[in-house]
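Hi,

Here is the structure I said I would pass on. Could you open it and follow along while you read my notes below?

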Amino acid sequence: MASNTPYVLKWGIISTGWIAQQFVKDLLEDPATRNVTDVAHKIVAVGSRSVESAQKFVSEYAPKEKDIKTYGTYTDVFADPDVNAVYIGTPHTLHYENALEALNAGKHVLCEKATTSNAAELKALLALAKEKKLFFMEALWTRFHPLTLELKRIAEEGTLGNPVVMHADLSADFFIDTLPHTHRMLDPKLGGGALLDLGPYPLFWAMLSLYEHPANKGARPTSVTGSIVKTPLTGVDASTSFTVNFTSHLRAQAVLSCSMTVPAAPFGATIRYERGVIVVKPPIFRPPAFTVQYFDKPGGDVVREETRTFKYVGGGWHFEADEVARCLRDGRLESESWGHEKSIIVMEIFDEVRRQGKYVLPEGVEKIDRIQ
């Protein structure tokens with residue numbers, strides 16, 4: 001007989017920056033507000049660079065939670081026996097070291113994107129996780145949104161035919177001339193620039209619409225072409241565009257872009273199929289709606305148009321947390337929806353774009369290999 005008691009995942013939070021703030025606020029939302037009854041979440045510990053910083057974080061973002069432990073080091077969080085899984089929200093170039101320490105301490109890991117500085121670092125982490133029988137997932141939160149699940153269902157049920165071309169952009173004007181050169185968007189030691197910060201989102205929509213499409217049969221991209229415009233301020237990428245082809249079984253191409261010097265393009269993510277189009281309304285990291293246009297024949301006229309709009313309580317980060325909880329409850333070491341292979345492909349694409357654009361991180365930033 002199935003239990004009516006939800007599985008409760010006990011979290012440790014690594015870092016107290018903006019993204020960790022959003023994740024924690026969502027963990028504290030009542031799961032019932034999103035019709036979830038099988039899993040729940042408890043924040044056990046928060047780690048920061050000082051105890052005072054961790055305490056301030058808890059008082060501001062979890063004021064009603066009286067039993068959260070606050071630590072002045074991440075190591076203390078990893079050592080806490082009450083922590084089942086850790087959420088890592090530090091800058092990209094610290095992810096490898098943080099996740100390595102977490103895995104060696106026996107903790108399951110949800111790691112923000114870009115997952116690591118390069119694919120070699122990620123592969124090392126995944127090998128360690130497998131060896132220690134621990135869960136590891138890239139925090140690609142958009143993959144678990146209800147909108148994404150419905151879009152995928154419609155895209156793959158057959159009426160639209162195969163995908164042919166998709167465009168996606170995520171950009172934002174960070175007013176980089178006003179930022180200190182140590183800011184995460186400008187500092188190459190932190191993996192600064194548009195690609196590793198904004199690039200995961202346009203690439204995610206390519207992975208969902210092209211790589212995951214049944215007609216692709218799980219085939220990896222057949223080519224990647226990238227172009228980078230660097231800022232003279234620090235040499236990181238200010239604007240990057242890249243195309244990713246899937247031609248083993250499809251004849252499909254993704255045209256992707258990201259910039260930290262202009263607002264996002266109004267087309268969001270636009271996926272063109274043989275017999276229709278799906279337009280994902282921006283912002284593409286948390287789209288509020290998508291529109292499907294159906295053609296009367298390939299290349300024909302639009303004969304039907306439907307828009308789906310989605311609303312929910314919270315910011316949308318709780319859906320990925322629910323996925324982690326369900327995987328751990330069921331004994332799975334990776335997500336079936338966003339598994340290790342997809343994260344590796346993403347990092348390999350970023351490596352290739354950086355290589356072609358000659359964006360080389362400073363010596364010592366990449367702990368395994370160096371893209372140059």
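P283 sits in the loop between strand 12 and strand 13, and the bond that joins P282 to P283 is a cis peptide with omega at about 5 degrees. Strands here are DSSP runs of E with at least two residues, helices are runs of H or I with at least four, and both are numbered from the N terminus.

Before I go on: this is a predicted model, so I took local features only at pLDDT of at least 70 and side-chain atom pairs only at pLDDT 80 or more, while totals for chains, interfaces and linings use all residues. Residue numbers start from 1 along each chain as its sequence is written, and side-chain values use heavy atoms, with hydrogens and water left out.

A114 belongs to the loop between strand 5 and helix 5 (119–131).

Back to strand 12 (residues 276–280). Four of its five residues are buried, so the strand is mostly covered. By buried I mean under 20% relative accessible area; exposed is over 50%, and partly exposed is in between (1.4 Å probe, protein chains only). On one side, strand 12 runs antiparallel to strand 11 (residues 269–273), with five bridges joining them, and T270 is opposite V279. Those two strands make a hairpin with two residues between them. Strand 12 also pairs with strand 13 (residues 289–295), again antiparallel and over five bridges; here V277 faces Q293. I call two strands paired if DSSP finds at least two bridges between them.

These strands belong to an open sheet of eight, in the order 8-9-10-7-11-12-13-14, with mixed pairing. Strand 8 (223–230) and strand 14 (302–309) are at the edges; each has a single partner strand, so one side of each has no neighbour in the sheet. On average, neighbouring strands are turned by 10 degrees against each other, direction ignored. For the parallel part, look at strand 7 (residues 163–171) and strand 10 (residues 252–259), which pair over seven bridges, with S171 opposite S259.

Two helices to look at on this sheet:

- Helix 6 packs on it, touching strands 11, 12, 13 and 14, and its direction makes about 10 degrees with that of strand 13.
- Helix 8 (residues 200–211) lies across strand 7, strand 9 (237–246), strand 10, strand 11 and strand 12, at about 165 degrees to strand 7.

Contact means heavy atoms within 4.5 Å. The angles run from 0 to 180 degrees between N-to-C directions, with axes as lines fitted to C-alpha atoms, for helices over the stretch in contact.

What about R143, is it buried or exposed? R143 is buried, with a relative accessible area of 4%. The residue is in the loop between strand 6 (136–138) and helix 6 (146–156). Leaving aside neighbours within four places in sequence, R143 contacts T148, L149, K152, F204, L208, E212, S337 and W338.

Next, helix 2 (residues 51–61), where A54, F57 and V58 are buried. They cover an arc of only 95 degrees around the axis, so they lie on the same side of helix 2; the arc is that of the directions from the helix axis to the C-beta atoms. An α-helix has 3.6 residues a turn, so residues three or four places apart point the same way. E52 and K56, on the other side of helix 2, are exposed. The buried residues of helix 2 pack against helix 1 (18–27), strand 2 (39–47) and strand 3 (69–71).

F175 is not a glycine, yet has a positive phi of about 50 degrees. F175 lies in the loop between strand 7 and helix 7 (194–198) and is exposed, at 54% relative accessible area. K358, also not a glycine, has a positive phi of about 55 degrees; K358 is in the segment after helix 10 (340–357) and is exposed at 62%. Finally, G106 is in the loop between helix 4 (95–104) and strand 5 (108–111), partly exposed at 40%. G106 and K25 are 81 residues apart in sequence and 25 Å apart in space, C-alpha to C-alpha.

Cheers
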